Amino acid sequence: MTTATDKNWTRSLRKAGEAAFPPERLLPDSQPSYVASWIYVFGALTMAALGVVTATGLVLAVMGPTWWHHSSTGHFINSMHLWSVELFFFAMVVHLWGKFFMAAWRGNRTLTWITGVVSFVVSIGTAFTGYLSQTNFDSQWIATQAKDGINSTGGGAVFNVLNFGQMLMWHITLLPIGVGAIVVFHVLLVRRRGVVPPFDLSPVKEEVAQ
Amino acid sequence: MSAGVLEAVRWGAVVPLDHPNHFLTWGWLSISYSNLIVIGLMVVTFLGAILIPFPGHKKSGAK
Amino acid sequence: MTKSSRRFNIDRDVAPWTGASRPYDIAKEVAICFLVIGLLTVGLSVLFSSPDDPAVTLKQWAVSTPIDFATTAATELDGTGGTAGYGPPYNTAADGPKVLGISPAKIAGVHIPVDAAKDFVLSPVAALPENPVASQAIATYEAASVAQRQSWAANYDAAVTASTASTSGGKVIVVPGDYGPVSTIVDQLVAMAQSGALDTTMLTQQRFFSTDFTKPLLFISDGSFLANKAAIDHLQGDQWGMMNETGSWPGQAWLWLYTMWYQVPGLSTSDNADLQVFLIIIGLTLLLAFLPFIPGLRSIPRWTRVYKVIWKDHYRNT
């Protein structure tokens with residue numbers, strides 16, 4: 001709480017941050033006893049996959065977009081980039097199913113759910129521009145097909161999937177920044193609100209709910 | 001590992017997938033076996049994740 | 001705060017947790033997850049590698065299927081080609097897909113102007129150095145009336161798509177007819193493409209540096225060469241292609257829902273499918289995002305009772 005005497009912006013910001021995210025909430029060493037299922041691991045697995053995607057993407061960026069066509073090392077890094085993306089979506093979908101069946105939006109966690117959906121959508125966009133940035137037949141074909149979908153929305157006027165330079169920029173700067181920011185926000189919300197409790201099956205609550 | 005083997009592994013030759021895919025076609029549905037395997041594994045993983053007992057949680061503080 | 005005044009809804013609200021806690025090590029969990037994903041990534045990469053079908057060139061197209069190439073060039077001249085008749089954002093030849101009479105593409109307007117006849121055919125041929133045959137043909141074409149040009153191009157288009165069209169030594173042979181300079185222009189373009197010169201000319205026709213492949217990609221996708229190659233790998237739109245990949249690798253399986261709508265009878269034959277499918281997907285995505293607010297949908301987890309399996313230990317102990 002900011003008191004009338006506390007007019008220092010920095011101090012207010014720090015106090016708000018400390019109140020929202022005390023260290024033991026940010027990096028917890030205990031969980032409610034109901035958090036006991038393998039399904040809880042898939043959020044962390046998704047993040048780990050995103051880490052590997054980012055790391056391999058950074059290596060590909062060092063040598064440029066066509067390196068992997070003629071270098072065996074480049075090709076292997078590209079394989080790692082592809083498979084970590086497959087693992088990323090795999091883990092994210094399992095995580096999504098789990099959170100759906102737990103109705104994890106309950107108890108003021110709606111924004112956590114929405115940021116999760118948004119990060120899924122933005123990730124699809126990032127993967128899509130990645131396919132366009134491969135500088136091979138896939139990129140040619142996907143670009144010429146996707147243009148019709150995007151042009152039909154009017155979006156083709158600014159987002160030209162046939163412009164390799166533009167798509168590469170979206171893939172390696174704009175969209176990763178977007179995914180990163182949303183994922184950080186999502187995880188902070190999870191840490192702030194905690195893990196959703198099970199449905200309370202006591203008959204009193206059920207009656208009230210009807 | 002010799003340089004030649006390493007080179008082959010980097011290009012990826014253990015299980016070559018550079019051949020036409022097979023497709024499961026049923027009415028207007030058509031899906032490649034590879035995608036089917038991926039989606040099937042997702043379902044299996046999900047079922048495993050909720051069914052397989054999570055270790056070390058019998059009592060609170062039991063770990 | 002309205003929270004306390006609202007009635008408790010089991011699909012929206014929870015009572016604060018007052019039960020026991022268990023030890024947890026978030027750093028260890030994240031570290032193990034990184035290790036698992038890292039090992040899986042390396043393992044899958046060693047086992048399966050990744051696809052890399054080389055990009056096709058205008059040269060390959062003109063060499064392997066000169067008639068398809070010549071046909072495409074003719075359609076760009078007579079206005080029946082894919083790009084020539086596309087509409088926004090490339091030109092005003094059409095309105096683009098509509099829903100409820102509204103065409104978002106038309107509203108957005110022409111932002112990437114492409115003159116298919118000029119950009120794909122006439123300019124490259126006119127740029128051929130020290131080639132009096134080519135310059136004479138272009139001069140004759142440009143001096144003619146619009147109706148005359150259209151007639152020549154349509155005549156040639158009909159001849160090159162007829163079964164009598166053939167090739168000899170890479171050259172396209174059509175039965176004699178009233179094509180004016182069009183057959184010469186197309187012949188010159190075919191030869192130029194077969195030499196590889198068209199690939200560079202088209203990419204660099206504006207400037208030295210270019211990272212924009214809009215024109216060569218539009219041109220090559222107007223022919224059948226690219227699509228026929230894609231069809232082999234089931235990559236076409238009506239083959240659930242959006243989620244498929246070249247070779248036998250898995251593709252973007254997460255696009256199954258998007259590509260599914262293109263197969264649904266009614267949509268699969270609709271001229272406005274691109275816009276219709278996009279709107280359906282936007283609607284479904286909004287439904288998913290705002291699921292916590294939608295009565296009925298948000299109760300599915302409670303009705304399906306999967307949560308009883310997830311929290312089986314909790315329910316057993318309480």
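Mentor: Before we start, a helix here is a DSSP run of H or I with at least four residues, a strand is a run of E with at least two, and both are numbered from the N terminus. You're looking at a predicted model, where local features need pLDDT of at least 70, side-chain atom pairs count only at pLDDT 80 or more, and totals for chains, interfaces and linings use all residues. Residues are numbered from 1 along each chain as its sequence is written, chains are lettered from A and ligands numbered from 1 in the order in which they are written, and side-chain values use heavy atoms, leaving out hydrogens and water.

Trainee: Chain B touches chain A. Which residues of chain A lose the most area to chain B?

Mentor: Contact means heavy atoms within 4.5 Å, and by that rule 22 residues of chain A meet 17 residues of chain B. Buried area is the accessible area (1.4 Å probe) that two parts lose on being put together, summed over both; for this pair it's about 1,700 Å², with 79% on carbon and sulfur atoms. Together giving 37% of what the chain A side buries, the residues you want are A:Trp38, A:Ser72 and A:Phe90.

Trainee: Which element of chain A gives the largest share of the side that touches chain B?

Mentor: The elements that each supply at least two residues are α3 (41-63), α4 (67-70) and α5 (72-101) of chain A. With 12 residues, the largest share comes from α5(A).

Trainee: How many residue pairs are in polar contact between chain A and chain B?

Mentor: A polar contact is a pair of N or O atoms within 3.5 Å; within protein, one must be able to donate a hydrogen and the other to accept it, and residues adjacent in sequence count only if both atoms are side-chain atoms. A salt bridge is a side-chain nitrogen of Lys or Arg within 4 Å of a carboxyl oxygen of Asp or Glu, and chain A and chain B have 0 of those between them. For residue pairs in polar contact, both at pLDDT 80 or more, the count is 3.

Trainee: Now chain A with chain C. How much area is buried between them?

Mentor: Here 91 residues of chain A are in contact with 90 residues of chain C. Carbon and sulfur atoms give 69% of the buried area, which is about 8,100 Å².

Trainee: How many residue pairs in polar contact does that interface have?

Mentor: Salt bridges don't feature, as the rule finds 0 across chain A and chain C. With both residues at pLDDT 80 or more, the pairs in polar contact number 30.

Trainee: Which residue of β1(C) is the bridge partner of A:Ser30?

Mentor: Two strands pair if DSSP finds at least two bridges between them. β1(A) and β1 (residues 21-23) of chain C pair in the antiparallel sense over 3 bridges. In β1(C), the partner of A:Ser30 is C:Pro23.

Trainee: Is C:Gln252 buried or exposed?

Mentor: C:Gln252 sits in the loop between α11 (225-232) and α12 (256-261) of chain C. Not counting residues up to four places away in sequence, C:Gln252 touches several residues, among them A:Phe128, A:Tyr131 and C:Met242. Its relative accessibility is 4%, so C:Gln252 counts as buried.

Trainee: How far apart in sequence are the parts that C:Lys215 and C:Asp119 tie together?

Mentor: These two form a salt bridge, with the closest N and O atoms 3.4 Å apart, and both residues are buried. C:Lys215 lies in α10 (residues 214-222) and C:Asp119 in α5 (residues 116-126) of chain C, so the sequence separation of the parts they tie together is 96 residues.

Trainee: One more: is A:Lys147 buried or exposed?

Mentor: The side chain of A:Lys147 meets that of A:Asp148 in a salt bridge (3.2 Å, N to O). A:Asp148 has 22% relative accessibility, so that residue counts as partly exposed. A:Lys147 has a relative accessible area of 8%, which means it is buried.

Terms used:
Buried means under 20% relative accessible area, exposed over 50%, partly exposed in between (1.4 Å probe, protein chains only).
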